[in-house]
Amino acid sequence: MSSFGNLLLNENMKVFRRARTWFMLAILALISLLMPLLLREGLGASGVLYWQPAATTVQIAFFLNTIFCVVIAAESVAGEFTWGTIKLLLIRPWSRSKILASKYLTVVGFSIMSTLLVIGLAMLSSYFLFSHDVPAGGSVSASSALTMWLYLYIDLFITLAIAFMVSTVFRSGALAIGLSLFIMFTQSIFSVIFNTDRYEWAKYVLFNNMDLSKYMNTSSELGLMNGPSDGMTLGFSLAVLAVYYVIFMVISWVVFNKRDVAG
């Protein structure tokens, strides 16, 4: 376990010793702190519970958060091949499975840290700039905001799995980033093309299950879609995502363990 801990530490050092990583985190921090200030100018402070601007800020910042995490995931494996360091890594007394596991856990750890950074700073800024009293007309509740943030992270988690798989299989960070961004931008388009009300099998398409916000109360200000289609529930979508996730991970592990790097 100690050897794996050293391996995990080594992977984290590769990520955090780069100026680019700190630059991305600084951008996320800046957006999370300043966006509530901009919202205050537009909404005013009175009658707006601080959870509402915090939730809006996180939704806006999460787009960049996903992109930055995908960049880290895309280069986690592909970068070793690009820099020619994969051979040096594989001659160490660690199995390939442990090496890949350390890289994946580093990617997931970074995504959790960046997500908590965005949420924490958005909450902190909104707390000092907006009201703490619940308005009579109702507002975004803490439970709604927390639920939305969880759904956003699940979407990010699956996107990272795709980027990590592509990085491992094709040894191309650019392809992993490009494909992940393509999925982010076209997710809603494919959901319209593969309409679950028209095609029964479309319920099992990945794109139709990634946006879990459709399962929130339709009266919530945070819901991004009109609602789920018939036959689809939160549990169903989570099960479909779990199956895709296992497939992505199995492909990554099988390819990495069988790949010949002698050339």
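Colleague: Which residues is Thr-106 in contact with, leaving aside its neighbours within four places in sequence?

Modeller: Thr-106 is in contact with Leu-8, Glu-11, Asn-12 and Val-15 once those neighbours are set aside. Contact here means heavy atoms within 4.5 Å. Before we go on, this is a predicted model, where local features need pLDDT of at least 70 and side-chain atom pairs count only at pLDDT 80 or more, while totals for chains, interfaces and linings use all residues. Residues are numbered from 1 along each chain as its sequence is written, and side-chain values use heavy atoms, with hydrogens and water left out.

Colleague: Thanks! Where is the place of Thr-106, and does Thr-106 count as buried or exposed?

Modeller: Thr-106 sits in helix H5, residues 96–129. Helices are DSSP runs (H or I, at least four residues), as strands are (E, at least two), numbered from the N terminus. Thr-106 counts as buried because its relative accessibility is 4%. The cut-offs are under 20% relative accessible area for buried, over 50% for exposed and partly exposed in between, with a 1.4 Å probe and protein chains only.

Colleague: How many helices and strands does the chain have?

Modeller: The chain has 9 helices and 0 strands. Of its 263 residues, 49% count as buried. Among contacts between residues at least 6 apart in sequence, 82% join residues at least 24 apart.

Colleague: Let's take H3. How far apart are its end C-alpha atoms?

Modeller: They are 45 Å apart. Helix H3 covers residues 51–83, and at 1.5 Å a residue its 33 residues should span 48 Å, so the two values agree. The expected span is 1.5 Å times one less than the number of residues.

Colleague: Where does H3 bend?

Modeller: At Val-77, by about 45°. That bend is the angle between axes fitted to the seven residues ending there and the seven starting there. After the helix comes Gly-84, whose phi is positive, near 75°.

Colleague: And how many residues of H3 are buried?

Modeller: 25 of the 33 are buried, so H3 is largely enclosed by the rest of the structure.

Colleague: Now the core. Which residues touch the most other members of the largest nonpolar core?

Modeller: Val-58, Trp-149 and Phe-248, out of 79 residues in that core. A nonpolar core is a set of buried Ala, Val, Leu, Ile, Met, Phe, Trp, Tyr and Cys residues joined through side-chain atoms within 4.5 Å. Not counting residues up to four places away in sequence, Val-58 touches Val-118, Ile-119, Ala-122, Trp-149 and Leu-152.

Colleague: Phe-248 is in that list too. Which residues are buried in H9?

Modeller: Phe-248 is one of them, along with Phe-236, Ser-237, Val-240, Leu-241, Met-249, Ser-252 and Phe-256. The cover over the buried residues of H9 includes H3, helix H4 (86–90), H5, H6 and H8. The 25 residues of H9 (residues 234–258) should span 36 Å at 1.5 Å a residue, and the end C-alpha atoms are 36 Å apart, which agrees.

Colleague: Switching to H7, what do its buried residues pack against?

Modeller: They pack against H3, helix H6 (142–170) and helix H8 (207–210). Among the buried residues of H7 are Ser-180, Met-184 and Thr-186. H7 bends by about 60° at Thr-186.

Colleague: What caps the N-terminal end of H7?

Modeller: Ser-172 does, with a side-chain oxygen 3.1 Å from the backbone nitrogen of Leu-175.

Colleague: And what is the phi of Arg-171?

Modeller: Phi of Arg-171 is near 55°, a positive value in a residue other than glycine. Most residues other than glycine have a negative phi. Arg-171 lies in the loop between H6 and H7 and is partly exposed, with a relative accessible area of 40%.

Conventions. A polar contact is a pair of N or O atoms within 3.5 Å; within protein, one must be able to donate a hydrogen and the other to accept it, and residues adjacent in sequence count only if both atoms are side-chain atoms.
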